[in-house]
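Visitor: Could you walk me through this one while I look at it?

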Amino acid sequence: MKRIKLQLSGYFFGICALFALGSFFTPELKADTREPINPLVAENLPAETNELVCFNSAALDQAGSKLLDMVATGSGSLRDISEVFPQMVATEKNKGHFYMASVPKFGWFILVKNGMDSDEIIIAPEFLKRNMTARKMPGGYFALFPVGKELPAMGLSDELKQKIAMTPNEVLRCCWAGGMPTLLNIVNRDGVYTLSTIQPEAGKAGMTMETFVDKVVAFVPENNREAAKAFLKENLKFSSKTLDGKNVYELEFPLNEKTLTFWNDYIRTTQEERGKKDAPKVIALSPPNGATGVDPNLKEIKVTFDRPMSKTSWSFCQRSYHDFPESLSQPSYDESGTVITLPVQVVPERTYNIYLNSPPYIGFRSAKGGVLQSVHYTFTTGK
């Protein structure tokens with residue numbers, strides 16, 4: 001048997017800025033143009049998956065790889081928007097593909113396939129930092145899942161099997177279990193990359209190109225707003241319609257250097273404005289900040305905020321391995337969303353330093369999107 005080697009990619013990046021526009025849905029492609037999911041893959045994905053992402057680097061050409069690099073080297077404010085992009089970049093280096101499943105009360109479960117003839121695999125270090133372990137699976141796949149968690153029941157639902165079926169020229173496809181079709185779709189058409197979405201409207205129908213554009217540029221500085229509106233109207237294809245009794249609007253736009261530059265600037269500006277408006281504050285720490293003589297049998301760290309937080313992201317950051325406590329599992333929020341608990345293991349007579357958010361890692365956000373200003377948290381254990 002060949003030796004298994006887990007090679008870390010040097011990338012720490014967020015997903016393409018276009019994902020941050022909201023919960024998008026993609027038009028369904030004709031069934032006869034799509035290839036069924038590999039039965040081996042379907043058997044080894046969790047049965048209770050509620051969101052599924054597939055990335056296929058084989059559909060990328062040189063221009064597509066440059067687009068990934070462009071996003072990767074973009075503004076630091078983009079780097080923690082999503083969990084997905086780091087593994088996209090890492091997998092592209094494998095020339096392979098992955099399926100990334102979000103499972104309630106479990107977290108992410110990822111199947112990665114190397115496209116080259118090798119038992120080595122490149123894994124985004126972001127996942128290993130979150131205490132995810134890797135296991136070799138049948139068919140040359142590797143599974144990544146949280147350390148210390150019992151694996152969920154396997155066997156993807158028939159609904160998601162159908163939704164995740166891709167065409168050979170699809171780079172990325174993301175879908176949800178339930179009502180609407182596909183969340184997101186990126187296609188390479190002879191070197192031209194296009195993102196297509198269908199966005200469900202809130203309330204009655206009535207969204208137009210003009211009202212959509214106004215919504216998108218709401219946080220763009222006023223002196224740049226007209227130029228942004230003109231750019232969107234030039235590049236977007238927009239239509240409003242009814243799908244399965246639901247009011248939706250359909251969008252399609254190219255992915256290229258020009259659009260990525262615009263969206264990078266737009267997302268950065270949006271985050272800065274919202275971050276200032278709804279920024280949370282830390283109101284309590286356990287152990288207290290600056291505490292000495294802390295019990296070396298400490299089992300958990302608690303952070304309390306002044307408002308409900310986003311329960312799907314956090315950034316416990318370290319500057320060195322030596323002074324960061326060993327984390328035993330993923331952190332979790334209480335029902336109110338104001339208290340997060342991180343299970344840890346510490347040793348006697350050591351000073352620990354933890355940074356709650358440290359740009360570009362800004363996962364601690366309020367439920368309304370405000371970004372926590374970086375907090376340096378330190379304590380020292382006793383004998």
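Visitor: Anything to know before we start?

Guide: This is a predicted model, in which local features need pLDDT of at least 70 and side-chain atom pairs count only at pLDDT 80 or more, while totals for chains, interfaces and linings use all residues. Residues are numbered from 1 along each chain as its sequence is written, and side-chain values use heavy atoms, with hydrogens and water left out.

Visitor: OK, how many helices and strands?

Guide: The protein chain has 8 helices and 21 strands, taken as DSSP runs numbered from the N terminus (helices H or I, at least four residues; strands E, at least two).

Visitor: And how much of the chain is buried?

Guide: Of the 383 residues, 50% are buried, where buried means under 20% relative accessible area, exposed over 50% and partly exposed in between, with a 1.4 Å probe and protein chains only.

Visitor: What about contacts along the sequence?

Guide: Among contacts (heavy atoms within 4.5 Å) with a separation of 6 or more, 70% join residues 24 or more positions apart.

Visitor: Switching to the backbone, which peptide bond is cis?

Guide: The bond from Ser286 to Pro287 is cis, with omega near 0 degrees, and Pro287 sits in the loop between β13 (282-286) and β14 (291-294).

Visitor: What is the phi of Glu349, and where is that residue?

Guide: Glu349 is not a glycine, yet its phi is positive, about 50 degrees; Glu349 lies in the loop between β19 (339-345) and β20 (351-356).

Visitor: And Asn357?

Guide: Asn357, also a residue other than glycine, has a positive phi near 70 degrees and is in the loop between β20 and β21 (375-381).

Visitor: Buried or exposed, those two?

Guide: Glu349 counts as exposed at 57% relative accessibility, whereas Asn357 is buried at 0%.

Visitor: New topic: how much space is in the second largest pocket?

Guide: About 280 Å³. Its lining has 15 residues, and those closest to the centre are Glu35, Pro36, Asn56, Tyr99 and Met166.

Visitor: Which strand gives the most to that lining?

Guide: That is β2, with 3 residues; β2 (51-56) and β3 (97-103) are the elements that give two or more.

Note on methods
On a 1 Å grid over the protein atoms alone, a cavity is a set of points where a 1.4 Å probe fits but cannot get out, and a pocket is an open set with protein on both sides within 12 Å along at least five of seven lines; lining residues have an atom within 4 Å of a point. Grid points are joined across faces, edges and corners, and a volume is the space filled by probe spheres set on the points.
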